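Let's take a walk through this model together, from its overall outline down to a few side chains. Have the sequence and the 3D view open as you read.

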Amino acid sequence: MTELLEQLFDRVSKLPPAEQDEIANWIMKELDSERKWDTLFVKSQDQLSEMGAAALAENRNGLTEEMKFE
């Protein structure tokens, strides 16, 4: 365990149990969410590459319009 993580656990351990559980639940949900997104991105690389190639081809063929954002 890193020193920074140990510092975090030390600080959290001084909080009331309900707050400790709230922080633990939040961290676990964040970790699960990150794993989910990592998996989704890995699985979608071929599709994203195809979409990017299609967009570039449309642009080369004059089928796109410049968007002017203010």
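What follows goes from the whole chain to its helices, then to a surface patch and the salt bridges.

First, some ground rules. This is a predicted model, in which local features need pLDDT of at least 70 and side-chain atom pairs count only at pLDDT 80 or more, while totals for chains, interfaces and linings use all residues. Residues are numbered from 1 along each chain as its sequence is written, and side-chain values use heavy atoms, with hydrogens and water left out. As for confidence, pLDDT is the predictor's own score for each residue, from 0 to 100. The chain averages 95, and 100% of its residues reach 70 or more. Among its elements, H1 has the highest mean (97) and H3 the lowest (95).

Now zoom out. The chain has three helices and zero strands, giving the pattern α-α-α along the sequence. Helices here are DSSP runs of H or I with at least four residues, strands are E runs of at least two, and both are numbered from the N terminus. How does the radius of gyration of the chain relate to that of a compact globule of 70 residues? Such a globule would come out near 11 Å, but this chain has 22 Å. That radius is taken over C-alpha atoms, and the globule rule is 2.2 Å times the number of residues to the power 0.38. The C-alpha atoms fill a box of roughly 65 × 35 × 25 Å along the principal axes.

The cut-offs are under 20% relative accessible area for buried, over 50% for exposed and partly exposed in between, with a 1.4 Å probe and protein chains only. In total the chain exposes about 7000 Å², with carbon and sulfur atoms supplying 56% of that; areas come from the Shrake-Rupley method with a 1.4 Å probe, and for residues only the protein chains shown count as cover.

Next, look for a nonpolar patch of about 510 Å², made by Trp37, Leu40, Phe41, Leu48 and Met51. The elements that give two or more residues to this patch are helix H2 (17-43) and helix H3 (45-60), and H2 gives the most, with three. Patch members need over 30% relative accessible area and no salt bridge; nonpolar side chains (Val, Leu, Ile, Met, Phe, Trp, Tyr) are joined within 5 Å, like charges within 9 Å. Phe41, from H2, counts as partly exposed because its relative accessibility is 43%.

Just after H3, Gly62 takes a positive phi of about 70°.

How many salt bridges turn up in the whole structure? There are two, each defined as a side-chain nitrogen of Lys or Arg within 4 Å of a carboxyl oxygen of Asp or Glu. One pairs Arg35 with Asp32 at 3.0 Å, N to O. Both sit in H2, three residues apart, about one turn of the helix. An α-helix has 3.6 residues a turn, so residues three or four places apart point the same way. Asp32 is partly exposed, at 47%.

The other salt bridge joins Lys14 and Asp10 at 3.3 Å, N to O. Lys14 is exposed at 63%, whereas Asp10 is partly exposed at 40%.
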